Amino acid sequence: MLAFWAMLLCAFARGQAARPIVFVAPIRGEIDNGLAPYVQRAVRTAEQAGAAALVLPIDTLGGRVDAALVIRDALLDAKIPTIAFVDPRAISAGALIALAAEDIVMAPGATIGAAAPVIAGPEGRAEPAGEKATSFVRKEFRATAEARGRPPALFEAMVDADVDIPGVVAKGKLLTLTTEEALALGAVGHRAETLDDILANRGLSGAEIRTLAPNWAEKLVRFATSPIVSSLLLGLGLMGLFVEIRTPGFGAPGIVGLVCLALFFWSHAILALVGWEELVLVGGGVALLLLEIFVIPGFGLAGVLGVAAILAGLGMSFIGPGVTAAGAVQAAAEVAIALVVTLVGAALVLRFLPRLPFARSLILENGRPERALPFSASPLDAILPGDLGKAASPLRPSGIAEITGARVDALSEGEYIPAGTPLEVLRVERSYVVVRPAAEKEKG
């Protein structure tokens, strides 16, 4: 009896092990940078499980070319069969992803093509990306078609309107194919209405289906690398650090700035858009700016080099493979705009935030009477707004001031003040005073 049950269990185990596994990883919506880690994980997971196939249901109008290139490389390098199921459309970057799969299956009424690269114009409308970008994407399509044994000219015609294929597409028109047209021209392999039809056609009926969805980290990366959120993280990060530099100690602005910048660089590093080069450039630029602010009066060579390094490092973190000169200039312009907005925002915060009621509740000011203090009085207790003194050391913007005969920590409103300059106290904080040149009062 024991031998009988042992043989029965072994037979059951062999039957279970013989059941093929098929992974399904849907690609829907915009092709953005956050989608690449998800597809890479899907390929890796399916390979590790020894899957019989990885099916990619595709429904997209396109998106970023650099993200599609990362996905394309992952599919070409896959060690398992990959199937792109176009239902109902694979347009632009989606066509390249479908082309990279080992097999393309289209649902009835589906479309594939129209993959000319475009960029955002001055008014936000899509415009042709130019000859260099078009040539690059065209050759990527051709190389992918050659690797998969599909007609290269058909897929080149989806990218470049100058490709003329008699009887298929005239010069000046981009190629987009329906399911029936793609089948007739040999661009795709099969037609299918459902996933079950695809599996039945490949002899995988009854396979175990495992559907993959983006995990929380991939969702976070996709969210953090979206254009609006990415720019917001960069702006808040730089603004927080700038405000922290201009105020004594280390508090909430510095923490917020570091968290935002860490999230920005982490999400872009996941997408292979940020490497050591970008981090070194940004870190070196920040170091040069700190040197300019605290050591060297005015704004000179160190400041210019610092700003240039930060622009270069941040600009490189926005671009991926296949970037053109126009794309690099556009990325640098976006970073420059973010820096300008950051500086203006930080200046407004430094000027107006302490005057707001909720902000005053967050700042410990010296408003207690001297007799209520259980410890010895501070020199700051005898200083009031409007008192006059002089700078005992240069203020860059912090330094030492001599007010009412006492030497205290002082902070200017951002400008450099040489030693010996007459000062006027604007307000008294917990451990320092905020001052400005006394001459400004006479001008007022």
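Select Phe-155 and the residues around it. Leaving aside neighbours within four places in sequence, Phe-155 is in contact with Leu-99, Phe-141, Ala-145, Arg-150 and Ala-187. Phe-155 lies in helix α6, residues 152-157. This is a predicted model, and in it Phe-155 counts as buried because its relative accessibility is 1%, where the cut-off for buried is under 20%. Ala-143 is twelve residues from Phe-155 in sequence, and the two C-alpha atoms are 9.9 Å apart in space.

Next, select residues 65-76, which form helix α3, and residues 93-100, which form helix α4. Two packed helices are described by the angle between their axes and the distance between those axes. For α3 and α4 the angle is about 10° and the axes are 8 Å apart. The two helices are therefore roughly parallel to each other, since angles under 35 degrees count as such.

Show the side chains where these helices meet. From α3, pick Ala-68, Leu-69, Ile-71, Arg-72, Leu-75 and Leu-76; from α4, pick Ala-93, Leu-96, Ile-97 and Ala-100. Nine residues of this contact are nonpolar, none is polar and one is charged.

Move on to helix α9, residues 216-224. Which residues of α9 are buried? Glu-218, Val-221 and Ala-224 are. They lie on the same side of α9 because they cover an arc of only 130° around the axis. Turn the view to the face pointing away from that buried side: there α9 carries Trp-216, Lys-219 and Phe-223, which are exposed.

Now go to the strands. Select β12 (residues 388-391) and β15 (residues 422-428), which pair in the antiparallel sense over three bridges. To find one of the bridges, pick Leu-388, whose partner in β15 is Glu-424.

Finally, zoom out to the whole protein chain. How many helices and strands does the chain have? There are 16 helices and 16 strands. Of the 444 residues, 40% are buried. Among contacts with a separation of 6 or more, 62% are between residues 24 or more positions apart.

Key:
Residues are numbered from 1 along each chain as its sequence is written. This is a predicted model: local features need pLDDT of at least 70, side-chain atom pairs count only at pLDDT 80 or more; totals for chains, interfaces and linings use all residues. Side-chain values use heavy atoms; hydrogens and water are left out. Buried means under 20% relative accessible area, exposed over 50%, partly exposed in between (1.4 Å probe, protein chains only). Helices (H or I, at least four residues) and strands (E, at least two) are DSSP runs, numbered from the N terminus. The arc is that of the directions from the helix axis to the C-beta atoms. Axes are lines fitted to C-alpha atoms, for helices over the stretch in contact, and angles run from 0 to 180 degrees between N-to-C directions. Angles under 35 degrees count as roughly parallel, over 145 as roughly antiparallel, 65 to 115 as roughly perpendicular and the rest as oblique. Contact means heavy atoms within 4.5 Å. Ala, Val, Leu, Ile, Met, Phe, Trp, Tyr, Cys and Pro count as nonpolar, Asp, Glu, Lys and Arg as charged, and the others, Gly among them, as polar. Two strands pair if DSSP finds at least two bridges between them.
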